[in-house]
Amino acid sequence: MNNEQALAHFCAFFNKLDSTCTEKLYEVYTEGVVFNDPLHHIEGRQALERYFATMYENVTHCQFTYHTQQIQGDQAFVTWTMAFVHPRLAGGRPIQVDGCSALTFDNRGKVLRHRDYFDAGAMLYEHLPLMGRVIRWLKKRLEQN
């Protein structure tokens, strides 16, 4: 599999990822994958499987829309908008978050390193009852200055 095919496979996989298919991470990731996002640092496919299973446990909908994609050698970069619904966030209403993934592929087209960049406040903190009000207030204050 070349890296263009590997990136297409990665994107398709994430649009079908939920708590029932996290055990299929072997299709996309190497055994020793290193995953980072603003909230976590995870090493190893089994640890990543546990993380995704926990994350998707209560998510009732998750869909990615992919935008810009670039590949150079074994490196790939893809921007995305994630729309998801979690019953305990935002009163169960859909939440949209923009982000991007930086990926490194091995010679078989599997992901060795995966780093996600996104606004953790927009994804999580702004949608919690007390903390959300404080963060929204702070953002408005910062916009005024």
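The legends below describe close-up views of a predicted model.

**View 1. Helix α2 and its length.** Helix α2, which covers residues 45-56, has 12 residues. From its first C-alpha to its last the helix reaches 16 Å, and this is close to the 16 Å expected at 1.5 Å a residue.

View 2. The residues R45, L48, Y51, F52 and Y56 of α2 are buried, a word used here for a relative accessible area under 20%. When α2 is seen down its axis, these buried residues fall within an arc of 115°, so they line one face of the helix. The face turned away from that buried side carries Q46, R50 and T54, which are exposed.

**View 3. The neighbours of helix α2.** The buried residues of α2 pack against α1 (3-14), and also against the strands β1 (29-37), β2 (40-43) and β3 (61-72).

**View 4. Strand β5 within the structure.**

**View 5. Strand β5 beside strand β4.** Strand β4, made of residues 75-85, runs antiparallel to β5, and 10 bridges join the two. Within this pairing, Q75 stands opposite T104 of β5.

**View 6. Strand β5 beside strand β6, with their hairpin.** Strand β6, residues 111-118, pairs with β5 in the antiparallel sense over 7 bridges, and S101 stands opposite D116 of β6. The hairpin of β5 and β6 has 5 residues between the strands, and in this hairpin G109 takes a positive phi near 85°.

Terms used:
Residues are numbered from 1 along each chain as its sequence is written. This is a predicted model: local features need pLDDT of at least 70, side-chain atom pairs count only at pLDDT 80 or more; totals for chains, interfaces and linings use all residues. Side-chain values use heavy atoms; hydrogens and water are left out. Helices (H or I, at least four residues) and strands (E, at least two) are DSSP runs, numbered from the N terminus. The expected span of a helix is 1.5 Å times one less than its number of residues. Buried means under 20% relative accessible area, exposed over 50%, partly exposed in between (1.4 Å probe, protein chains only). The arc is that of the directions from the helix axis to the C-beta atoms. Contact means heavy atoms within 4.5 Å. Two strands pair if DSSP finds at least two bridges between them.
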